[in-house]
Amino acid sequence: MKAPELHRPLAVTAVAMAGLAAVAAAGMVLDDRHLLGLPIWTKPFKFATSLVIYTGTLAYLVGQLKGRPARHAGWLGNVIVAASFIEMAVIVGQVVRGRRSHFNVETPLDSALWGVMAVTILMLWIATALIGVVLLRHHRGDRPTVLAVRYGLLVALAGMAVGFLMTQPTAEQRAGFATAPPTLVGSHSVGVAEGGPGLPLVSWSTEGGDLRIAHFIGLHALQALPLLAFGLARAARRWPALRPENVRSRLVGVGAAGITGVTAITTWQALRGQSIVQPDRLTWASAGLLAAGLAMGAAVALRRTTARALAAAR
């Protein structure tokens, strides 16, 4: 089987980040320092792992383009490569120094490094948005796959945008600005201090709101939805009802609505200072309505398959 075309700089970045994730994993075992209650190498491990998935996916998608769209997306891919390496250099550098990387403005150097990270985050968002425009116009494939890529990019951009909410000063921080120079500006936690009890590995707060959950879910829609399209295509070999492209396209749309809804609900939940493991009745009701809507959407998508479409697909 012929190897797929890849955007080489993005592919190399994915490999490099995999290596960095391995180094960070070793650091979590060998380095006994802790920061905010976690091994100090936890953040580089999580960010490197996420970048493996993110840059690897874009390397494949950009590699499928041809001609002028490929050149334009390729330049934007190079911007993402540069921003990724700069951001990880700051994160790892701060780990070596034993300092926080995100939101840290305690010293002039810390503040400058956080400013650099803020710029790279904005660069990543803009470059991804522009690559999304190119892919929306020029990506080729069967309709379910094209829709999965389009929807995935849009939801991923929304998930990335949740990160901007984290950069805003909290109420407690704003109250302290008048009495002392700030040491932190922004937080991923809402209603609780960072560094408290959290879920294993991801460390999402179990006591208050945590914006990282929606950020993670939305960002990785770019992988989840194309995987859904691929899974439906494979399942269609066994179940005739899935063979028509319009059926799989509608189911991809249902999946996109689902991951959009989950991203929205977890953002709303976090902003109310509510832990992911302690949902209130309003959150349960919203999740139930979403689940019911998705089930109904999937049922309608399958029911609308006509006998003629099934016969044509055989």
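This is a predicted model: local features need pLDDT of at least 70, side-chain atom pairs count only at pLDDT 80 or more; totals for chains, interfaces and linings use all residues.
Entry 1, backbone. I noted Phe 103, with phi at about 70°. Phe 103 is in the loop that runs between helix 3 (67–97) and helix 4 (108–138). I also noted Ser 203, with a positive phi of about 60°. Ser 203 belongs to the loop between strand 3 (189–190) and strand 4 (209–210).

I read 2% relative accessibility for Phe 103, so Phe 103 counts as buried. Ser 203 has a relative accessible area of 11%; with the cut-off for buried at under 20%, Ser 203 is buried.

Entry 3, aromatic pairs. I found three in the structure. In one of them, Phe 103 and Trp 114 have ring centres 5.3 Å apart and planes at 65°, so I put the pair down as edge-to-face. Trp 114 is buried, at 9% relative accessible area.

Next I took Trp 125 and Phe 164: centres 6.3 Å apart, planes at 65°, so edge-to-face. This pair ties helix 4 to helix 5 (residues 143–166), across 39 residues in sequence. Trp 125 is partly exposed at 27% relative accessibility, and Phe 164 is partly exposed at 28%.

I found the charged end of Arg 272 over the ring of Trp 268, 3.9 Å from the ring centre. For Arg 238 over the ring of Trp 239, I noted 5.9 Å.

How values were computed: Residues are numbered from 1 along each chain as its sequence is written. Side-chain values use heavy atoms; hydrogens and water are left out. Helices (H or I, at least four residues) and strands (E, at least two) are DSSP runs, numbered from the N terminus. Buried means under 20% relative accessible area, exposed over 50%, partly exposed in between (1.4 Å probe, protein chains only). Rings of Phe, Tyr and Trp (its six-membered ring) pair if their centres lie within 6.5 Å; planes under 30 degrees apart count as stacked, over 60 as edge-to-face and the rest as tilted. A charge sits over a ring if NZ of Lys or CZ of Arg is within 6 Å of the ring centre and within 35 degrees of the ring normal.
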